[in-house]
Amino acid sequence: MPLIVKDYSWTQTASMVYIHVPLKGAKVVNVDILSTDEYLKIHFPPFLFEAFLFEPVDDDKSSAKIGNGVAVITLQKKINRLWDHLMISNNTKEKMKEIRERALKEYKEKIEMESKAKAVKKQEEKKYALETMMALEQKERHVIQKMKDDEREKATAELEAWKLRQKQVAEEELQLKRQNQRTHPDKMKTIKNMHVRQSSHGSNVKLDQRTSSEASSKKHQVDLPAPRSVGNIQIKFTPRVFPTALRESRVPEEEEWLKKQAEARHAVNTDLAELKDLKEDERNPDWLKEKGDKLFATGNYLGAVNAYNLAIKLNSKIAALYSNRAACHLKLRNLHKAIEDSSQVLGLLTPPVADNASARARAHVRRGTAFCELELYTEGLQDYQAASMIDPQNEPLQADIHRIRQIIQGSTTGPDKQSKK
């Protein structure tokens, strides 16, 4: 049984009530205060102070302060008038129990509402922070692109100026040569005659060579076999067999997917300044993708990102490049960029067909992982559920979904909190 505190004191004004409760040496961390409009409880084991208030108060405007061994409770009256007593006098056990239970219920509801409001506010703040970060990164990319464009324009202007100087130098040399020809005509005539004799001698040599070559060619022509007879070759194409039954088949979507894949393979842009240092066979998105895959396998994630960047500049329609770059960004903790690349993958993998199902599932999982690392568990759960709909037999995926649900419900701590523990 707790010991009831009776040596408290209280004062009042027309609008306020002040209660002073001695804590009898109790530490601040051990003091538990519960307050509602009609009930006040201060518990510091083994002592207990309970007050069934004379009139209702405004709990939202009330406050409590603890210091110097005393708890000072300040209550805002709902009706501005003086009280005859601090507590109601005609208390019965049943009425006290009813007020206590009602107060506890109101207090729990208030705590739950505050917790939900705090969670919603935290989620909104994280979303705002994510959007702000993405906007800043977009702005930074624009600035970098502008710097590149300025440098390219500057280099182009310098090249044009150099070409103009070379043209002027060539014109000056031509004018100087013409002046020399006018100044020394006899000398130029002698040089010309020498060239004529040399050319005539050379023509005789070439004529002899041509005659001998014609004779040898005639000799070879005699030994050539007769031409082959004309004929026709029959070509047959194997029809494409789709993996689903005809009644369940999505032939138009699969045909559209194949057409998009063929178009993506031909959408290559090789007119890039960054590719001038590469060899001809290296200016290939497939070659750059293989290079990025090898760098990723060795743990060189930054190098892999650079390789995928060049490949994407060559061909921005290949979904695998964005997907692999998203995996690199996850390793490097560039979570916002991983979300952007995964979203780009899902935009390219349309229409959804059986051939791109596994790639879509990977993209959903990678984006969901990035959201969960940012503690945006609701968005992460949506991506994991989308991946589960594509691959419902994946047991590790089902386990991850269950764990994320536990985190959202508050029964399990997130990855960051676990690492801190």
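A nonpolar core is a set of buried Ala, Val, Leu, Ile, Met, Phe, Trp, Tyr and Cys residues joined through side-chain atoms within 4.5 Å, where buried means under 20% relative accessible area, exposed over 50% and partly exposed in between (1.4 Å probe, protein chains only). The model shown is predicted: local features need pLDDT of at least 70, side-chain atom pairs count only at pLDDT 80 or more, and totals for chains, interfaces and linings use all residues. Residues are numbered from 1 along each chain as its sequence is written, and side-chain values use heavy atoms, leaving out hydrogens and water.

**View A. Meet the largest nonpolar core, with its 20 residues.** Those touching the most other members include Tyr 308, Leu 321 and Val 345. Helices H5 (301–314), H6 (319–331), H7 and H8 (357–373) each give two or more residues; helices (H or I, at least four residues) and strands (E, at least two) are DSSP runs, numbered from the N terminus. H5 provides the largest share, 6 residues.

**View B. Here is helix H7, residues 335–348.** Its 14 residues reach 20 Å from first C-alpha to last, close to the 20 Å expected (1.5 Å times one less than the number of residues). Among its buried residues are Leu 335, Ile 339 and Val 345.

**View C. Look for two cis peptide bonds, Pro 45 to Pro 46 and Thr 350 to Pro 351.** Omega is about 5° for the former and near -5° for the latter. Pro 46 sits in the loop between strands S5 (39–44) and S6 (47–52), while Pro 351 belongs to the loop between H7 and H8.

**View D. Arg 333 has a positive phi of about 65°, although it is not a glycine.** This arginine, Arg 333, lies in the loop between H6 and H7. Arg 333 counts as partly exposed because its relative accessibility is 47%.
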